[in-house]
Amino acid sequence: MTHVLPNLPYDMDALDPHVSAETLSYHYDKHHRGYIDKLNKQIEGSSYDGLPLEQVIITARNKADIDVLNNAAQAWNHDFLWKSMSPNGGGTPDGALKQLLDGAFKNTDVFKTEFKKAASSLFGSGWTWLVLERGKPKILNTSNADSPVGTQLIPLLVLDVWEHAYYLDYQNERARYIDSFLDNLVNWDFAAQNLNISEKVA
């Protein structure tokens, strides 16, 4: 199985001015594509060949095959990131997702504060996730290419806090980038869809 770069769910300039077309072009066409290209070269003719991306991640983690794991997880994480953002994002969630977050964090503003605190405090490169852990929402940081895929955690949404995700637009101001994501881009509908799927398979 040759893994392919999935299409963006919006135009390259759709997230302007919060994420510029220049940033998204580099991030998607260079970084995301690079992980997929490297992965395909690594797994060609190997025992990974023919496996879905999620299974590549799980198998590589079990084998402690870090090089394959890094590229596979980064490919998956980036696809999840694009869906976690929307040109019509921001605001507050509703329905079951709102009830879930309100039960755990009191309200959306408190959730955003805690999410920003976690994303701001992550040292170096990595990801900040909203996940479900045994049915309860949790904010989680993972370093470098680490991913909740193949664990008992169910990802609902994610923010990339590697510098390449924001440096052209925000330089070293990660906190401003996080605010922009939470206020203008976060795709609550996508998170709600993931929550709904998790409830159906529970």
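These are some notes on the chain above, for someone meeting the structure for the first time.

1. Ground rules. What you have here is a predicted model, so local features need pLDDT of at least 70 and side-chain atom pairs count only at pLDDT 80 or more, while totals for chains, interfaces and linings use all residues. Residues are numbered from 1 along each chain as its sequence is written, and side-chain values use heavy atoms, with hydrogens and water left out.

2. The layout. The chain has eight helices and three strands; helices (H or I, at least four residues) and strands (E, at least two) are DSSP runs, numbered from the N terminus. Going along from the N terminus, the order is α-α-α-α-α-β-β-β-α-α-α. The radius of gyration is 17 Å, close to the 17 Å that the globule rule gives for 202 residues, so the chain is as compact as a globular protein of that length. That radius is taken over C-alpha atoms, and the rule is 2.2 Å times the number of residues to the power 0.38. Along the principal axes, the C-alpha atoms fill a box of roughly 50 × 40 × 30 Å.

3. Of the 202 residues, 48% are buried (buried means under 20% relative accessible area, exposed over 50%, partly exposed in between, with a 1.4 Å probe and protein chains only). Take the contacts between residues at least 6 apart in sequence: 66% of them join residues at least 24 apart. Contact here means heavy atoms within 4.5 Å.

4. Charges. There are 18 positive and 26 negative side chains, and the centres of the two sets lie 6 Å apart. Lys and Arg count as positive and Asp and Glu as negative, with His and the chain ends not counted; each charge is placed at NZ of Lys, CZ of Arg, CG of Asp or CD of Glu.

5. In H4 (residues 95-105), Leu 97, Leu 100, Leu 101 and Phe 105 are buried. Those buried residues fall within an arc of 100 degrees, so they line one face of the helix; the arc is that of the directions from the helix axis to the C-beta atoms. Gln 99 and Gly 103, on the other side of H4, are exposed.

6. From H4 into H5. Lys 106 sits in the loop between the two helices. Its phi is positive, about 85 degrees, although Lys 106 is not a glycine. Lys 106 is exposed, with a relative accessible area of 67%. Thr 108 belongs to H5 (residues 108-121) and counts as buried at 5% relative accessibility. Beyond its neighbours within four places in sequence, Thr 108 is in contact with Gly 91, Thr 92, Pro 93, Asp 102 and Trp 188.

7. Asp 16 and Pro 17 are joined by a cis peptide bond, with omega about 0 degrees; Pro 17 lies in the segment before helix H1 (21-43). Arg 134, in the loop between strand S1 (126-133) and strand S2 (136-143), has a positive phi near 55 degrees. Arg 134 is exposed, with a relative accessible area of 76%.

8. Leu 168, in H6. Helix H6 covers residues 167-170 and includes Leu 168, which is partly exposed at a relative accessible area of 47%. Leaving aside neighbours within four places in sequence, Leu 168 is in contact with Glu 22, Thr 23 and Tyr 26.
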